[in-house]
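Hi,

Here is the structure I promised to pass on. Have a look at it first, and my notes on the helix packing and the core follow below.

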Amino acid sequence: MRASAVVWLALALALALGTVDALPPRANRAGHSLAERRAKRGPATRGLEAKLKTEQWFSQQRLDHFDGGDTRVWSQRCFSNFTFYKPGGPVFMCVGGEGPALDPSVVVTGDEHCALMVILAKKHGALILALEHRFYGFSHPTPDLSTENLRFLSSQQALADLALFHAYISSEHSLPAETKWITFGGSYPGMLAAWARSKFPHLIHAAVSSSAPVQAVANMQGYNDVTAGALADTAVGGSAACVAAVQEAFHELGVQMKTPAGRRRLEGLFNVCGGAEALEPPTTWPLFSEGAADPLIPQSNDPACTDPACDIARQCKIMLGETSSRVHRRSSRWASVSRMQEGGAPGAAPVFDDSERPRSAPSALALLADLNKIARGGECLDASYEANVAMLQNTTLAGGWERVWYYQTCAEFGFYQTCDPGTKCPFTTAPHLNSLQTYYDLCQLAFNISGGETEGRVAETNAVYGGTALGATRILFVNGGVDPWRAQSVSEPRPDLPSIFVPHASHHFWTHPPRPSDTSETVNARVQIAYWVASVMDTPSDRAGHHGPSDLASHHGPRVER
């Protein structure tokens with residue numbers, strides 16, 4: 001490696017201490033869960049550098065890159081920061097995805113997906129860019145979100161957007177032909193970052209793909225299997241006893257769901273929106289079960305958070321009743337239950353002896369209800385099927401933002417987080433509430449896409465990109481130990497396709513601005529990424545057989561017709 005050893009030692013120390021450029025505290029994460037996608041970013045950064053151009057618009061983006069006869073164009077939001085750029089330096093691209101609208105901080109602090117990228121840009125003299133994904137944020141290529149217009153929403157169109165934006169920036173700023181572009185992203189943007197390198201090796205030199213589920217799958221059983229393991233991880237405050245408590249709570253939830261009297265009890269315990277008989281329609285049952293599990297999803301686990309139910313450690317304390325008086329008796333009981341479970345079939349209903357519970361001790365179901373009330377801040381649990389369908393059928397730009405990502409799951413990826421009998425899912429498996437069909441039904445109602453069509457499209461997506469066996473080089477995959485999305489990512493390193501596993505870390509946690517409270521594993525991951533980026537900067541590019549923008553469709557691979 002030709003990079004200065006002194007520079008990289010300084011960078012490693014800065015990353016370890018969390019003192020790089022005095023970056024502000026991390027913003028709330030935005031993930032794939034309903035609650036997380038509702039998180040809004042903070043106000044735009046003020047007092048930006050003179051060389052920073054905010055809220056630019058690329059006005060010549062094509063609506064359809066794969067129809068030569070369609071010449072329509074639209075304006076796409078983009079951001080650039082030339083503060084650190086040195087002539088001849090690389091371009092670091094933060095890839096936009098399905099989250100909320102980008103703001104200028106994405107090229108200043110890097111925000112939640114690209115903070116490390118911004119740190120490395122200063123060391124490499126890189127131009128920093130970000131491109132908002134079509135149909136998300138304020139980048140609207142069509143006047144509404146009708147199913148007819150959503151046919152222009154796909155990962156393939158988004159990748160072609162990146163390629164045309166590459167050509168625009170290269171021309172607009174007279175970048176040398178040998179400029180090395182590196183894409184960065186976490187979650188769906190991480191998928192796109194990897195695929196940009198895979199599909200456009202003559203344009204993208206390398207990619208850092210964090211927490212990227214590149215293997216599409218309709219029935220994503222692995223998500224809740226990993227969730228069970230995360231709740232048992234003692235390094236983040238979990239335990240086998242916690243998993244047993246969660247299993248009992250959801251077992252009892254399933255029992256109560258079977259009778260009208262039980263459903264009345266659930267409506268009261270969990271403060272279900274709509275009051276009495278809100279859970280009478282069977283269509284509400286999967287939504288209720290999923291909603292009750294939502295506070296226990298470890299995707300955004302942050303051990304340094306301060307809210308009363310914000311991480312696995314606090315959630316497990318609530319589920320074990322350790323916030324009340326009979327701590328020792330109750331915790332011992334859960335430990336006994338967990339031992340009884342060992343060696344049993346995965347997903348088997350736990351066996352409990354209620355004689356062990358003191359009469360004053362709350363049931364596991366009551367503790368789960370307490371957790372939900374704390375996590376929701378007093379808000380009711382909305383299980384209305386009609387409201388959920390109406391939200392997904394809202395085709396307006398102002399109100400249809402939930403519809404957009406769900407369309408991509410129906411049309412490309414699946415990723416449906418079921419809780420099937422016989423799996424490790426710690427939530428309700430009997431009755432079988434969160435089945436694959438419940439998600440397919442919403443695809444049909446919202447977009448007239450059947451379950452069979454979704455399965456076919458998931459297979460096509462993997463055929464186009466290769467899943468976890470994608471044929472590419474110089475892509476670094478990074479995954480966290482308690483992140484359920486790692487079930488669909490690249491975990492085994494291959495020659496020229498390395499991977500990093502970050503123990504006990506949640507969804508692309510290392511891409512966030514560093515803090516003194518970050519674990520040693522997270523800090524070490526950042527250092528490894530930094531060294532890898534330095535190493536690929538010293539490798540020759542793939543531009544010998546350069547293809548111009550006119551070759552987009554042929555180089556991008558087959559278009560999957562929708």
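This is a predicted model: local features need pLDDT of at least 70, side-chain atom pairs count only at pLDDT 80 or more; totals for chains, interfaces and linings use all residues.

**Helix packing and core**

Glu252, Leu253, Gln256 and Met257 of H8 are in contact (heavy atoms within 4.5 Å) with Gly262, Arg263, Arg265 and Leu266 of H9. Residues are numbered from 1 along each chain as its sequence is written, and side-chain values use heavy atoms, with hydrogens and water left out.

Helices here are DSSP runs of H or I with at least four residues, strands are E runs of at least two, and both are numbered from the N terminus. The axes of H8 and H9 (residues 260-269) come within 6 Å and cross at roughly 130°. Axes are lines fitted to C-alpha atoms, for helices over the stretch in contact, with angles running from 0 to 180 degrees between N-to-C directions. That angle makes H8 oblique to H9; under 35 degrees would be roughly parallel, over 145 roughly antiparallel, 65 to 115 roughly perpendicular, and the rest is oblique. By class, this H8 contact with H9 has 3 nonpolar, 2 polar and 3 charged residues (Ala, Val, Leu, Ile, Met, Phe, Trp, Tyr, Cys and Pro are nonpolar, Asp, Glu, Lys and Arg charged, and the others, Gly among them, polar).

Now for H10. The axes of H8 (residues 240-257) and H10 (residues 284-293) come within 12 Å and cross at roughly 155°, so the two are roughly antiparallel. Phe250, Leu253 and Met257 of H8 make this contact with Trp285, Phe288, Ser289, Ala292 and Ala293 of H10. The class count for H8 with H10 is 7 nonpolar, 1 polar and no charged residues.

Which residues touch the most other members of the largest nonpolar core? Leu253, Phe270 and Phe288 do, out of 116 residues. A core here is a set of buried Ala, Val, Leu, Ile, Met, Phe, Trp, Tyr and Cys residues joined through side-chain atoms within 4.5 Å, and buried means under 20% relative accessible area (1.4 Å probe, protein chains only). H8 gives the largest share of this core, 9 residues. Leaving aside residues up to four places away in sequence, the residues Leu253 touches include Leu266, Phe270, Leu365 and Thr428.

Overall, the protein has 19 helices and 10 strands, and 58% of its 562 residues count as buried.

Cheers

Definitions and conventions:
Buried means under 20% relative accessible area, exposed over 50%, partly exposed in between (1.4 Å probe, protein chains only).
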